[in-house]
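I open this notebook to record what I looked up in the structure. The entries follow the order in which I consulted it.

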Amino acid sequence: MRIDIISVLPDLIKSPFQHSIIKRAIDKKLVEVHFHNLRDYAINDYGKIDDAPYGGESGMVMMIEPIDKCISKLQSERNYDEIIYMTPDAETLNQQTANTLSLKENIIILCGHYKGIDHRVRDLLITKEISIGDYVLSGGELAAAVLCDSIIRLIPGVLGNETSALSDSFQDGLLAPPVYTRPAEYKNIKVPEILLSGNFPKIDNWKSEKALERTKRIRPDLLKNQ
Ligand code: ADE
């Protein structure tokens, strides 16, 4: 898989790709991530990429021309399955979207800034818009990093044990059951007995019950989609 990230602050987003699972995925060549500075496509020598909005609102809007130039250059080199715009006014990211995107070959992710981007970009160039939650960040970079992490860990071969991604919270529509490790007793607090029993069918039942119980308590809204 190849991911191209377009941003005015590419350095802001690079760090998450230099650590842990994501770094290993890149080192193993299971994913390629390329960063593009939108200012390299600015409309003048001063690096202009934004302008005041028509209609007299405050703030600045990212212009269509630099974005179009950058996306067109990338598209002249390969086909893209999705051109994604990170923005709070979009459908919220969920596990289903991450699963679908992890199967794509090439995607572009555009990070917004300021008051947003000229809406013609959204109408004409963007194929998918994603929010990471109902709150506003200063820019799309951190949201893009979250999206990439959620996708890359699902690419076959990225996680050592393929089943561990399948048992993530949300993968079956429920929150994950609680997990414990050694010691079996700490300050008189014991790990649930069943987990030490070695009776795996019973343990699986217990895990399903706990997953359902936690989902009912913490995220009852998830059960409506079941
Ligand atoms: N850009 C700013 N806020 C965002 C959000 N919540 N999700 C995605 N992109 C954003």
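I began with a pair of strands. Strand 5 and strand 6 (residues 106-111) run parallel to each other and are joined over five bridges. I took helices (H or I, at least four residues) and strands (E, at least two) as DSSP runs numbered from the N terminus, and two strands as paired if DSSP finds at least two bridges between them. Within strand 6, Cys111 is the residue that stands opposite Met86.

I noted the basis of these entries. This is a predicted model, in which local features need pLDDT of at least 70, side-chain atom pairs count only at pLDDT 80 or more, and totals for chains, interfaces and linings use all residues. Residues are numbered from 1 along each chain as its sequence is written.

Confidence came next. The protein chain has an average pLDDT (the predictor's confidence in each residue, from 0 to 100) of 95, and 98% of the residues score at least 70. For the complex, the predictor gives an ipTM of 0.98 and a pTM of 0.94.

What is the order of its five strands? The sheet is open, its pairing is parallel, and the order reads 2-1-6-5-7. Strand 2 (32-37) and strand 7 (128-131) form the edges, each pairing on one side only. From one strand to the next, the twist averages 30 degrees.

I looked up two helices that lie across the sheet. Helix 3 (residues 64-77) lies across strand 1 (2-7), strand 2, strand 5 and strand 6, and runs at about 165 degrees to strand 6. Helix 6 (residues 141-152) lies across strands 1, 2, 5, 6 and 7, at about 155 degrees to strand 6. Contact here requires C-beta atoms, placed from the backbone, within 7 Å; axes are lines fitted to C-alpha atoms, for helices over the stretch in contact, with angles from 0 to 180 degrees between N-to-C directions.

I turned to the ligand. The residues around the ligand include Met86, Thr87, Pro88, Gly112 and Tyr135; a residue counts as near if its C-beta atom, placed from the backbone, lies within 6 Å. Strand 5 (residues 82-92) supplies the largest share of this shell, three residues.

Two backbone details remained. The peptide bond from Arg182 to Pro183 is cis, with omega near 0 degrees, and Pro183 is found in the loop between helix 7 (162-166) and strand 8 (185-186). Lys29, a residue other than glycine, has a positive phi near 65 degrees; Lys29 is found in the loop between helix 2 (20-27) and strand 2.
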